[in-house]
Structure formats: C-alpha cells, structure tokens
Amino acid sequence: MASIYIETFGCQMNEADSQYIADRAAAAGYTVAAAAEEANVIVLNTCTVRDNAERRAYGRMGHFKALKDADPQLRVIVTGCLAEQDRNTMQAKVPHLDGVFGTSELVQLGDTLVTWRPDFEETELSEERALVMPLGGSADCVTDAYTHLRAFVTVQRGCSYYCTFCIVPHVRGRFDHRPMPVILDEVRARIAEGAREVMLVGQTVNAYRDPATNADFGDLCRAVAALPGLERLTFISPHPKDFTEKIVADLAHIPQLNPRVHLPLQSGSDAMLRRMNRKYDMAKFRSIVDSFRRYLPDWAITTDIIVGFPGETDDDFEATLDYVKAGIFANAYSFIYSIRRGTPAANWEQVPRDVAHARFERLYAAQNDATIAYHTRKVGSTVRALIHGESKKDAAKLAAKTLDNVTLIVPKPDDYSTERYASEPWLDVEISEAHVWGCTGTVLRRASRFDDPGTPVRRPVLSLLTAAR
Ligand code: SF4
C-alpha cells in the first residue's frame, strides 16, 4: 500500500490544508507515515511568514534529495505559501521535486496523489474528490489516539488587507469564504468522529461572510454551536478591526466557546500601525479590548507583536512596551521584523539588528512577567483540560491544554491507559505550580464529555514536587 508523509510549517491555515491533503490521501488508499524515510510520497507544506521558515523549508527539500537518491521511486511535492511565492523558480532551484502546488491548487494536488497510486483508474478521480474522510488534525498529519479530539475546520481562505509586512494576500489571494452549510456539514462530520473541540480556522477568521446570505462571523459561531453534540468551540486567527460590538455580543451567548481570543496588536504606536496598514489605531484597539472585558470578562487575550518594524523609533517601541507592561495579554508571540520579499516594508529602511534585538529582549521579559502572573493565578484551582498526549519530554507525564490554551504537564495517573484516556479525555487538574510555559499539577478526575461530572482517578505515584516539566 502507498504511504504518504506530510511535513507542515507555519500557521493553523497550513495545518488545516495538510489535514485536507491527508484526507484526500486516505480516501485514495494511502496510509500516513510517521517519518519521511517510511513514505512513498513526501509532501512539504511550506510557510513564508519569516525568512527562517523559508530557509528551513529549502533545507528540508535538500534533505529529501538524499532519500530520493536512495529510492528514485520516491516522490516529493512542495505546497504552501513558499510554493506559491516561488512557483516559477522552485523546480529549477530544486530539480528533484516531482510537483509544486500553490495554495489554491490543493484539489489538483489531491488529484495527483490519486493518479500516482499504482492501481489508479481514470474514473476514480471524481469519486475520490467527493470521498474525503476526515482524519483529525495534527501538524504532521500523523494521527495518534488523541488527534481526533481536536478538529480544524477551514471557514475562509486568503486575506484582502495587505498589511505592509505580510506576504499572505500575495500568496493566498483575497478573501474566499466557504458557504456556511458546507462548514456546518464538516463540523457535523468531525463531531461524529469524536472531536471534542472544533477550531474554526481562517486567515482573518472574524471577517467571515457567508457568500449566499452575508451572515457574519457571530452568526456562523452561533450556527456551529447549535449543532448537536458540539462540546467546545474556538477560532483562529481574528483581526482586531473585524470585531464589531454585534459579533462580540454574539460570542457572549455561546457557552461552548473556549474563553480566549487572539488579538494581534503588532505595535502599540499609532504611527507604526499606520505604516503597517493595520486599519486600526490604539484607541480602536483599546475599545475592542474594553468590549471583550465588558461582554466576556474572564477571557484570556493573547497577541502577536512585531519588534523593529521599519521606521520604529525608541518612542514607538516604548509605547508598545508600556501597553504590554499593563498586563493585558495572557501571552504574546513576539518576533523581530523579518524582511518578506514582495511586500512594501521590504524596501523601507530597516532598524539596525542590534537595536531590534535589544528591544525584543526587553519586550520578551515584560511579557514573561505578565504570562507567569497569569499562570500563577491558576495555582490552587482545579481546571478542566483536554488531553494532548504524552509529554514530549517525559513519557511518565501527560500534556493537556486548558480552555484558555495553557499547557499543563501532569504525572500519569495510576489507572492510565491510552484507550481509557482517549475515550475519557477531559482531565480535572489541580494546579500546583506556575511556569512561563504553563503549569504543573495533578489529575483528580477524568470525564468522557465536557459536561460530565467525571470519575476520580487513582492518584499518580509521582509526587507533585517532582512534577516539573
Ligand atoms: S490581516 Fe494583515 S497580517 Fe493578517 S493575513 Fe491579512 S495581510 Fe496578513
């Protein structure tokens, strides 16, 4: 039987696309391999958001050449934003590739996988397209006992906003919204296969508009939440400017929504926000935060920040730092600006690297203080979290995520078995210690469904004091 290995860089949009590729491959009879060395077909799903991601992707392509030299039957495909950006040059640069598919060519990629199967017959293509069996999502599409618990459902592709640092509209095109009935069908299918948490994914997810009815993102969330059996709902990645009062009020009426929102600030300076073409200023951003605090006071707010954007002065940076120091964000993903070819900011005068690095260190330290303060507030409480699997660093421990997306590391209870905890994946964890990366604690109960009271677990052998990550 043919097998496929999918390696994914970048955002949840790419993870959702990789899930689609895995679904098409599974429907066409492929198995999903856990390592490139075990596969007949390798798919590299690339990202261009930072220079580093681009270099790593070309590095991986070089690594796959050795595998191809050892087995000339092996096929290597590249897709994602880098494939879109370099589509005219990539195969010349990397001649051992068997295919380069842009971000709007996933259907063709899936068709190609079908035709590469040894027993392929022409009539199968339309059937294979229709017969997409959801596998459940993980970044590398290698499923384990827990991956089906979380499902990504793409609601919208592309972006029409053209932030001056961002390559997305150039490589993924303008907004393209999926019809709401199609989205609802996909969520129903994911619930039926056991998803406990559904994540609605879009490049600018809260700009969603149903093409037929013009229903907005609030309407979409309410329709998804009304589906029988949905336990938890979340979404990524919204744009601050698209949160209307109406949408925030809609969200407040949905009990299944996880209490968290990602509001990418990017900069705390109006001058920088204008240069970035972010379409909001700090007054507007503050009003959105106020709106969340009013309607959803317990929600965690996280953010993205770019340090050292072209033209950023000391005063601009201090404005960002002051806002972060106010402790608004439970967590922040901060980056030093990296030039993206083809974007306006790439041609502007750059902030010296040493200045950008020094600013980044100060911002990082300030946010770490805020993050650990946020985590410390959980110590002593018991929270319900969805299991992720074994801890990557210690097989004697489990990893789980709280509803507000905080990582928990806990000793495995004595009654642990993969089958039992995959069917009863909700863990009630008593939090004992806070760290920058998350919290440690002890599992008290496990439950099959989010609303179940739960069954007490046998206390783990490991002492709480040794439960460091
Ligand atoms: S809103 Fe801006 S940063 Fe986000 S995808 Fe669109 S152009 Fe890129």
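## Close-up views of the predicted model

**View A. Helix α10 crosses helix α12 in a right-handed sense.** A crossing is called left-handed if the near helix is turned anticlockwise from the far one by less than a right angle, and right-handed if clockwise. The structure is a predicted model, in which local features need pLDDT of at least 70 and side-chain atom pairs count only at pLDDT 80 or more, while totals for chains, interfaces and linings use all residues. Residue numbers start from 1 along each chain as its sequence is written. Helices (H or I, at least four residues) and strands (E, at least two) are DSSP runs, numbered from the N terminus. The axes of α10 (residues 245-252) and α12 (residues 282-295) come within 10 Å and cross at roughly 25 degrees. The two helices are therefore roughly parallel; this term covers angles under 35 degrees, whereas those over 145 count as roughly antiparallel, 65 to 115 as roughly perpendicular and the rest as oblique. Axes are lines fitted to C-alpha atoms, for helices over the stretch in contact, and angles run from 0 to 180 degrees between N-to-C directions. From α10, the contact involves E245, V248, A249 and A252, and from α12 it involves S291, F292 and Y295. Residues are in contact if their C-beta atoms, placed from the backbone, lie within 7 Å. By class, the contact of α10 with α12 comprises five nonpolar, one polar and one charged residues. Ala, Val, Leu, Ile, Met, Phe, Trp, Tyr, Cys and Pro count as nonpolar, Asp, Glu, Lys and Arg as charged, and the others, Gly among them, as polar.

**View B. Helix α9 packs against α10 with the axes 8 Å apart.** The angle between α9 (residues 217-225) and α10 is about 15 degrees, which means that α9 is roughly parallel to α10. The crossing of α9 and α10 is left-handed. On the α9 side the contact is made by F217, G218, C221 and R222, and on the α10 side by K246, I247, D250 and L251. The residues of this contact divide into four nonpolar, one polar and three charged.

**View C. Helix α1 passes helix α5 in a right-handed crossing.** The axes of α1 and α5 (residues 106-116) come within 9 Å and cross at roughly 30 degrees, so α1 is roughly parallel to α5. In α1, the residues D17, Y20, I21, R24 and A25 meet L106, L109, G110 and L113 of α5. Six nonpolar, one polar and two charged residues form the contact of α1 with α5.

**View D. Five parallel strands form an open sheet in the order β2-β1-β3-β4-β5.** Strands of a sheet pair through backbone hydrogen bonds, either parallel or antiparallel. Two strands are taken to pair if DSSP finds at least two bridges between them. At the edges of the sheet stand β2 (31-32) and β5 (99-100), each with a single partner strand, so one side of each is left without a neighbour in the sheet. Strand β4 (residues 75-80) and β5 run parallel and are joined by two bridges; I77 stands opposite G99 in β5. Helix α1 (residues 12-27) packs on the sheet, where it touches β1 (3-8), β2, β3 (41-46) and β4, and its direction makes about 175 degrees with that of β1. Helix α2 (residues 51-70) also packs on the sheet, touching β1, β3 and β4, with its direction at about 175 degrees to that of β3.

**View E. Three parallel strands form an open sheet in the order β10-β11-β12.** Because β10 (260-262) and β12 (331-336) stand at the edges with a single partner strand each, one side of each is left without a neighbour in the sheet. Neighbouring strands of this sheet are turned by 15 degrees against each other on average, direction ignored. Three bridges pair β10 with strand β11 (residues 300-307) in the parallel sense. H262 stands opposite T302 in β11.

**View G. The peptide bond from I236 to S237 is cis.** Its omega is near 0 degrees. S237 lies in the loop between β9 (232-236) and α10.

**View H. N214 has a positive phi of about 70 degrees.** N214 is not a glycine, and its location is the loop between β8 (197-202) and α9.

Methods
Two residues are in contact if their C-beta atoms, placed from the backbone, lie within 7 Å.
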